[in-house]
Amino acid sequence: MSRPRLPLRLIFLAALAIGAALLLGLVVATLNSLFEFYQRLAAMPIWLRAPLLVAGAFVLGALGWLLWRLARPAKKSSLAAVIPVSRNEIDARIDALRERHAETVALEAELVELDRRRASGEVYIALFGEISTGKSSLIRALAPQAAPEVDVRGGTTRHVEHHRGALPDGRALILADVPGTGEVDGAIHEQLARDEALRAHAVVYLAASDLTRAQDTELGWLAGFGKPLVLALNKADLYDEAERAALLQRFGQRYAKRARTIVAISAGGSERYERTLGDGRRERVERERAPEIAPLLDALEALTATGAAGLEPAREAAVLAEVGRRGDELARATASRESAETVAKYTRRAIVGAMAAVAPGSDILIQGALATALVRELARIHGVPVRELDVDALLSRVGLTVRNTTAIVLAIAGNALKAFPGLGTLGGGVLHAIAYGLVFDSLGHALADTLAERSTLDAADVETRVRALLAEPARERVERVTRIAFDALRDSGAQDRPR
Ligand SMILES: Nc1nc2c(ncn2[C@@H]2O[C@H](COP(=O)(O)OP(=O)(O)OP(=O)(O)O)[C@@H](O)[C@H]2O)c(=O)[nH]1
Ligand SMILES: [Mg+2]
């Protein structure tokens with residue numbers, strides 16, 4: 001049967017030989033031309049050769065630059081703009097979540113605060129930055145009557161606190177002192193700080209030295225929300241003139257696009273030292289360092305020149321974007337909860353159906369309306385529209401898997417369920433039903449995961465996941481399904497229930 005293959009191979013070899021000969025010829029011809037060109041160039045008078053060489057180098061350079069421009073990978077902007085979302089859209093999403101019994105209280109509270117601040121007409125400024133960068137000290141400097149706790153130890157501020165301060169021109173500001181970021185195990189406090197930063201009209205980002213990668217990312221995150229930012233190098237007193245200038249220059253190069261203004265300040269803070277008294281005794285003293293924050297005051301005056309009303313649209317957009325993001329997260333968690341409930345419901349039905357089946361093994365999964373209903377309900381939960389055709393295609397595809405693996409599933413179920421004493425007395429019918437439940441549970445979870453991750457009824461993906469789940473049914477899953485079977489048995493009044 002393999003007779004006609006020989007001439008085909010010969011033709012291919014001949015074509016390859018001709019191709020190689022042509023390529024060789026081309027290389028030789030090019031080298032030849034280059035050599036001739038070089039000889040001609042060498043024979044030229046210098047006044048002609050030099051400009052020709054310069055022009056050639058220029059053309060090559062330009063060509064190289066053009067190729068680089070075209071081929072280089074696109075720069076990823078760290079200021080990935082946050083997708084704007086309208087208030088109506090957010091309200092509608094929260095309503096929908098509430099109807100699904102999702103925990104929307106925190107989102108609603110955020111919107112109430114959004115409205116409250118707009119109505120108040122006050123300008124809110126959040127001081128943000130890593131722990132011990134001097135946020136609370138700066139509050140003291142900006143609002144002398146406020147007395148927030150200041151300490152050398154990082155993580156001193158634990159809550160968001162608001163203080164009323166004033167600019168030199170007399171305008172009032174509400175200053176938010178927030179917990180510092182970058183603390184070990186400080187995720188909760190960090191979240192408080194981030195939320196407050198988004199609620200503010202503008203943010204003063206404090207750093208006490210050059211920015212680390214984490215601080216860089218944080219600044220990018222804030223700028224991504226379109227937050228008006230002042231980048232303040234605090235504790236400037238710790239640097240000499242040259243060091244301070246070098247740091248500011250570096251900040252300028254790296255952050256001019258993200259921050260409206262970059263300043264160097266000394267929030268003050270306090271210092272401890274020992275002094276010798278008249279009688280020779282030594283005494284530990286703590287004294288306040290004099291703050292030097294004039295450049296920051298100028299920056300804040302400029303930044304808030306339009307008043308709250310001018311800054312409000314950007315503030316609102318940032319808060320809504322964050323509420324939208326959290327709403328999406330909540331929607332995913334809700335879908336996951338609903339999916340789990342739905343899968344459990346259908347697994348139970350499959351088990352009950354299998355136990356009632358006249359002939360164990362009759363194809364309730366593949367042909368049954370149950371599987372169709374499961375697919376439809378999971379698709380609805382994940383907001384994925386499906387056609388009758390797609391559901392059929394999916395089930396027949398997965399059906400193959402199930403048919404092929406029923407024996408394996410039964411074996412697995414049989415083994416794993418040895419952990420449940422008394423199960424053996426229930427007979428093959430129950431084991432079979434549990435195996436069916438396992439299949440349903442696998443199909444349901446595979447489908448839910450595919451829908452959640454791909455937002456489409458990708459049959460191939462579902463099949464791969466079902467195979468993986470069936471090949472290695474985790475003990476936790478087997479136990480869960482078995483428990484459902486026990487409950488179903490108990491409800492149907494079975495006598496010899498396992499203990
Ligand atoms: N040298 C110097 N030290 C300062 C300055 N500002 C603050 N400090 C000191 O830095 C330390 C931390 O100050 P805090 O104001 O508590 O810093 P924080 O950012 O509020 O810290 P957390 O609340 O823990 O995030 C304290 O020991 C202050 O005295 C400054 O301008 N110069
Ligand atoms: Mg503090």
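**Note on the predicted model**

1. Leu-470 lies in helix 15, which spans residues 459-471. The model is a predicted one. Leu-470 counts as buried, at 3% relative accessibility. In sequence, Leu-470 and Ser-442 are 28 residues apart, while their C-alpha atoms are 6.6 Å apart in space.

2. On the chain as a whole: the protein chain has 16 helices and 8 strands. Of its 499 residues, 40% count as buried. Among contacts in the protein chain with a separation of 6 or more, 70% come from residues 24 or more positions apart.

3. The buried residues are Lys-135, Ser-136, Ser-137, Leu-138, Ile-139, Ala-141 and Leu-142.

4. The magnesium ion (ligand 2) is coordinated by Ser-136 through OG and by Thr-157 through OG1, at 2.0 to 2.1 Å. These two residues link distant parts of the chain, being 21 residues apart: Ser-136 belongs to helix 5, and Thr-157 to the loop between helix 5 and strand 2. Ser-136 has a relative accessible area of 9% and is therefore buried, the cut-off being under 20%. Thr-157 is buried as well, with a relative accessible area of 13%.

5. Helix 3 (residues 87-99) packs with helix 4 (residues 105-120) at an angle of about 150°, and their axes are 11 Å apart. Because the angle is over 145 degrees, helix 3 is roughly antiparallel to helix 4. The crossing of helix 3 past helix 4 is left-handed. From helix 3, the contact involves Arg-87, Ile-90, Asp-91, Ile-94 and Arg-98; from helix 4, it involves Leu-107, Glu-108, Leu-111, Leu-114, Asp-115 and Arg-118. By type, the residues of this contact are 5 nonpolar and 6 charged, with no polar ones.

6. Helix 6 (residues 187-199) and helix 10 (residues 307-356) form another helix pair, packing at an angle of about 140° with axes 8 Å apart. Helix 6 and helix 10 are therefore oblique to each other. Gln-191, Asp-195, Leu-198 and Arg-199 of helix 6 meet Arg-315, Ala-318, Val-319, Glu-322 and Arg-326 of helix 10. This contact has 3 nonpolar residues, 1 polar and 5 charged.

7. Two backbone angles deserve a look. Most residues other than glycine have a negative phi. Ser-132, which is not a glycine, has a positive phi of about 65°. Ser-132 sits in the loop between strand 1 and helix 5, and counts as partly exposed at 31% relative accessibility.

8. Lys-235 is likewise not a glycine and has a positive phi of about 60°. Its place is the loop between strand 5 (229-233) and helix 8 (241-255). With a relative accessible area of 27%, Lys-235 is partly exposed.

Conventions: Residues numbered from 1 in each chain as written. Chains lettered and ligands numbered in written order. Predicted model: local features only at pLDDT ≥ 70, side-chain atom pairs only at ≥ 80, totals over all residues. Heavy atoms only, no water. Buried < 20%, exposed > 50% of the residue type's maximum accessible area, 1.4 Å probe, protein only. Helix = DSSP H or I, 4+ residues; strand = E, 2+ residues; numbered from the N terminus. Axes fitted to C-alpha atoms, helices over the stretch in contact; angles between N-to-C directions. Parallel < 35°, antiparallel > 145°, perpendicular 65-115°, else oblique. Left-handed = near helix turned anticlockwise from the far one by under 90°. Contact = heavy atoms within 4.5 Å. Nonpolar A, V, L, I, M, F, W, Y, C, P; charged D, E, K, R; others polar. Donors = N, O, S within 2.8 Å, 3.2 Å for Na, K, Ca; no water.
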